[in-house]
Amino acid sequence: MDAVNYIQAKEISKSYGEKTLFRGISLSVSKGQKIALIARNGTGKTSLLNILAGQDVADEGECTRRSGLRISYLPQEVIFEKDMTVSEALLSAGNEVSETLREYGEFVLDSEKRGKVVEEKQLQALIEKMDALGAWEYEQKVKQIIDKLRIGSLRSKTDELSGGELRRLALARILVEEHDLLLLDEPTNHLDIDMIEWLESYLSRQNATLVMVTHDRYFLDNVCNEIIEIENGRIFTYKGNYANYLEKKQERKAAEGIRNEKDLKLLRSEAEWMRRSPPARTVKSKARINAYSELKGKTGRQNDDSPGEINMQMKRMGSKILELKGISKSYGSREVISNFSYVFKKGEKAGIAGPNGSGKSTLLSIISGDIMADKGEVIRGETISFGYYRQEGIAAKDDKKVLEAVKDIAEGIWMNRDKWFSAEQFLRYFNFPNHMHNDRISNLSGGEKRRLYLLTILMKNPNFIILDEPTNDLDIETLNLLEDFLAGFNGCLLIVSHDRYFIDRLCDHIFVFNTLGGIKDFSGNFTDYRKQIAATARVKPDEKRKEPEKQKRKKREKTKLNYREQQELEKLEAEISSLEKVKEELIQKMNSGNLASDELMDASERFREVESILDEKSNRWLELSEYS
């Protein structure tokens, strides 16, 4: 049976002024496909999504959609009507189910406000309609999504929300809509890692058809079954996930006789992918490994005029780097950092993970000196030179030219001790070809502006680089280049990022934030950390007693708990058991369908608090139980 075709684009072209994004490309979207659309920044990914969604038209060619096709579209720029509540925004899909659910919610809320007895006939009619439409299941779906994406109070106004909250609200709205096709433009932006992993699991389980633009390689690899790449204005289609795409693209490049440094960097990225074995694949097939070996042989030598491996010759770094002593910081009554101490060593590469709003960016600002801690001391080495990439992006004026913005920092930079890179060469390395050097910053795409900002930070020749969400809006090719560059950086590196691949590749250890101001130093990358959390969740305190005596004796030889630690361990077992019960009760309450919207939000907030405390106590129990 032939697949149901949803969208057919034939020979479409799109230009802006003199810049041609793509010309004469064709593609189709059929039921059941999960397509990732990838390309360099500024080459037309968002424009193509807009055309598929019917929000823009091609300059040439035609794009046809199946009659009655229901499309839900998450654009990069989200706009809500003024004075709209979160509840109204979520249930504004316009279908009968959402309208009935909204009507029911407003009726109950209005009755509560008036303090009058509910009109039984009207309420009964609404309940019967909800039953007939299956709206109770729809309501449960809405509750699950707003809980996982941590949407604020349903009664809040959308104009009171931050940019990140609006983005999550827009994502929640399209997920609850009834749709045949999802179009997602960078869906993981403004989500923390827990949210990304939930969304990844949700989309993987759903029998959905989707086309998405994303730079998150783990997310792409675990969700999509096809990749479409725009390159030099042409379309290339690859069946399978991201790992398969890398292999097939290299085979295509080899067949075309193109053997440049950029391809070699993609190959190195795949080598790193294989070595680390991402979470979705615990076993690598022999055929895949053999194919990879053949691929490496095919790639050949790089061209003589390629830039090759580059390592920044950073400013000299003394023995004293950075020391934090008892750092604490609060905003109002909420403590986001509590008594944190750490001594950074030369060449250290650390990641930072934690929920949105847990204080990650605050720590970076304290380290850089942008803000002061309430308590504690920050001791910076005399030779330390920070390069701080902030979320806000580049501060250069829009009328400034690209090359001018870089040369305002320096004319060039030393690489590999004896190799000088001019500003022009550095721009070319990070995918700014010569014809873009005189472009105005105002003409750059969002991703191109962030890439330029990154260059201005690196051109300052820092020996301590701080990156706050550097991967947002960067294309995958630039991320591979940046990862290669930072992997060879000999100074200190501190990264806040929701990109798990990026953290896995670059970081030796992770500072894990919780919502109570605590920061735990975990030795290993993000995947290692998640594996430990999963193992901790699987092992119950009472299972510890079943451990073989031989293994227990071996651990005792290593060390032994003192009396205080033994008492703490026993107390933790009781606390964990109690918290597990509270957690289960909260889950049952939230799933009951009997809670009012404000009660649901209170329960959701309590659930997050309990889960955070449970994680912290479980980690401590695991640590102590190693030696009991």
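## A buried threonine in a loop

Thr85 is buried, because its relative accessible area of 14% falls under the 20% cut-off. This value, like every other in the report, refers to a predicted model. Thr85 is located in the loop that lies between strand 5 and helix 2 (86-90).

Which residues are in contact with Thr85, leaving aside its neighbours within four places in sequence? They are Leu154, Arg155, Ser156, Lys157 and Thr158.

## Overall composition

The protein has 628 residues, of which 51% are buried. Its secondary structure amounts to 21 helices and 20 strands. Of the contacts between residues at least 6 apart in sequence, 70% join residues at least 24 apart.

Six strands form an open sheet with mixed pairing, in the order 5-6-7-3-8-9. Strand 5 (71-74) and strand 9 (234-239) stand at its edges; each has a single partner strand, so one side of each is left without a neighbour in the sheet. On average, and with direction ignored, neighbouring strands of this sheet are turned by 15° against each other.

Strand 5 runs parallel to strand 6 (residues 181-185), and four bridges join the two. In this pair, Ile71 stands opposite Leu181 of strand 6. Strand 6 in turn pairs with strand 7 in the parallel sense, over five bridges, and here Leu183 stands opposite Val211 of strand 7. Strand 3 (residues 34-38) is also paired with strand 7 in the parallel sense, over four bridges. Val211 in strand 7 is the bridge partner of Ile35.

## Burial of strand 7

How many of the five residues of strand 7 (residues 209-213) are buried? The count is five of five, and the strand is mostly covered. Thr209, Val211 and Val213 point one way from strand 7, whereas Leu210 and Met212 point the other way. The residues on both sides of strand 7 are all buried.

Strand 1 (residues 5-16) and strand 2 (residues 19-30) are paired in the antiparallel sense, with eight bridges. Within this pair, Ile12 stands opposite Ile25 of strand 2.

Two residues lie between the strands of this hairpin, in which Gly17 adopts a positive phi near 65°.

## Packing of helix 6 against helix 7

Two packed helices are described by the angle between their axes and the distance between the axes. For helix 6 (residues 163-176) and helix 7 (residues 193-205), the axes come within 13 Å and cross at roughly 15°. Angles under 35 degrees count as roughly parallel, and helix 6 and helix 7 are therefore roughly parallel to each other. Is their crossing left-handed or right-handed? The crossing of helix 6 and helix 7 is left-handed.

On the side of helix 6, the contact involves Arg168, Leu171 and Leu175. These residues meet Met195, Trp198, Leu199, Tyr202 and Leu203 of helix 7. By class, the contact of helix 6 with helix 7 comprises seven nonpolar residues, one charged residue and no polar residues.

Note on methods: Residues numbered from 1 in each chain as written. Predicted model: local features only at pLDDT ≥ 70, side-chain atom pairs only at ≥ 80, totals over all residues. Heavy atoms only, no water. Pairing = 2+ DSSP bridges. Axes fitted to C-alpha atoms, helices over the stretch in contact; angles between N-to-C directions. Parallel < 35°, antiparallel > 145°, perpendicular 65-115°, else oblique. Left-handed = near helix turned anticlockwise from the far one by under 90°. Contact = heavy atoms within 4.5 Å. Nonpolar A, V, L, I, M, F, W, Y, C, P; charged D, E, K, R; others polar. Buried < 20%, exposed > 50% of the residue type's maximum accessible area, 1.4 Å probe, protein only.
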